[in-house]
Amino acid sequence: MIGQFHSPFSQMFRRCLTPLCILILILICMVSTMSSSPLGHRGALSFSNSLRLTRAIRARVQQVLSRYKQQLFGDELFEYRELMLSTLPAVTVSYRTWLHMQDNERLHLASHNLQTFWTHLEGQRQQLEREKDATKERGEQRRGKRGKPQPNLCQRFVSLQIDLRDLMKQVNSQVHVHTSETSRWIQHLRGYVILRDLERYLSRLARDYAVLQAKH
């Protein structure tokens, strides 16, 4: 079991989807601020693609959440804000902390948090599948009956997980590329410093030779 539930299982997962929506919103803001990084034009294009995918997944999460609340609680406006799950990533961060995060730090954190959410989604999907199978065995499944997970809902979870996995692959790829490009960027800066200081040193050396020439 993933974490300890503080309320009935189906209520718990409503809290899993909502933080995921918030995380994706944070990712949208994060990606929007990274186009000036050392990755350059290629990195900007990569982040642009991830931004579009992040927005698309967020919209799908909102749809799944609405369908989930309607089918399992009978009300798509159902809310239970007090319910928390300790094993989910924190979805809020102070503005100052967020503003001063390094690019690589943002990507590593996104990779870790998306994987955590995917794992929770998988656990919930499996639980819904077990409930569906158990209902079939009892011959009590009724389409649209409140509290009974329908096949359509399980399929929506699978589609959401596939999209989320695609985003995770992009983030992980960006972590790798960013690390490589950052290392290259640092090496380029190193070359700049070497040439800059060599030019300054040669200017000093030229003055030294001018003095030596004058003395002799």
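The points below go from the overall fold down to single side chains.

1. Ground rules first. This is a predicted model, so local features need pLDDT of at least 70 and side-chain atom pairs count only at pLDDT 80 or more, while totals for chains, interfaces and linings use all residues. Residues are numbered from 1 along each chain as its sequence is written, and side-chain values use heavy atoms, with hydrogens and water left out.

2. The overall fold. The protein has five helices and zero strands, giving the pattern α-α-α-α-α along the sequence. Helices here are DSSP runs (H or I, at least four residues; strands would be E, at least two), numbered from the N terminus. Of the 216 residues, 37% are buried, where buried means under 20% relative accessible area, exposed means over 50% and partly exposed is in between (1.4 Å probe, protein chains only). Taking a contact as heavy atoms within 4.5 Å, 85% of the contacts between residues at least 6 apart in sequence join residues at least 24 apart.

3. The core. A nonpolar core is a set of buried Ala, Val, Leu, Ile, Met, Phe, Trp, Tyr and Cys residues joined through side-chain atoms within 4.5 Å. The largest one has 24 residues, and Ile57, Tyr68, Leu128 and Leu164 have the most contacts inside it. H2, H4 and helix H5 (151-215) are the elements that give two or more residues to this core, with the largest share, nine residues, coming from H5. As background, nonpolar side chains tend to be buried together in soluble globular proteins.

4. Aromatic pairs. Rings of Phe, Tyr and Trp (its six-membered ring) pair if their centres lie within 6.5 Å; planes under 30 degrees apart count as stacked, over 60 as edge-to-face and the rest as tilted. The count by this rule is four pairs. Phe73 and Phe78 have ring centres 4.2 Å apart and planes at 10°, so this pair is stacked. Phe73 is buried at 10% relative accessible area. One aromatic cluster takes in Tyr68, Phe73, Phe78 and Phe157, and Tyr68 also turns up among the core residues with the most contacts.

5. Charges over rings. The rule is that NZ of Lys or CZ of Arg is within 6 Å of the ring centre and within 35 degrees of the ring normal. Arg106 has its charged end over the ring of Trp98, 4.9 Å from the centre. Arg165 does likewise with Trp118, at 4.2 Å from the ring centre.

6. Salt bridges. What holds Glu79 and Lys69 together? Their side chains meet in a salt bridge, 3.6 Å from N to O. Glu79 is in the loop between helix H2 (40-73) and helix H3 (95-99) and Lys69 is in helix H2, so the pair ties together parts that are 10 residues apart in sequence. Lys69 is buried at 6% relative accessibility, whereas Glu79 is partly exposed at 37%. The structure holds six salt bridges, each being a side-chain nitrogen of Lys or Arg within 4 Å of a carboxyl oxygen of Asp or Glu.

7. Arg196 and Asp197 pair up with their closest N and O atoms 2.9 Å apart; Arg196 is partly exposed at 28%, and Asp197 is partly exposed at 35%. Elsewhere, salt bridges that share partners join Glu122, Arg125, Glu129 and Lys132 into one network. Within that group, Lys132 and Glu129 have their closest N and O atoms 3.0 Å apart. Both lie in helix H4 (residues 103-138), three residues apart, or about one turn of the helix. Lys132 is buried at 11%, and Glu129 is partly exposed at 21%.

8. Leaving out residues up to four places away in sequence, Gln174 touches Ser46, Phe47, Ser50 and Leu107. Gln174 and Ser111 are 63 residues apart along the chain, with their C-alpha atoms separated by 9.7 Å.
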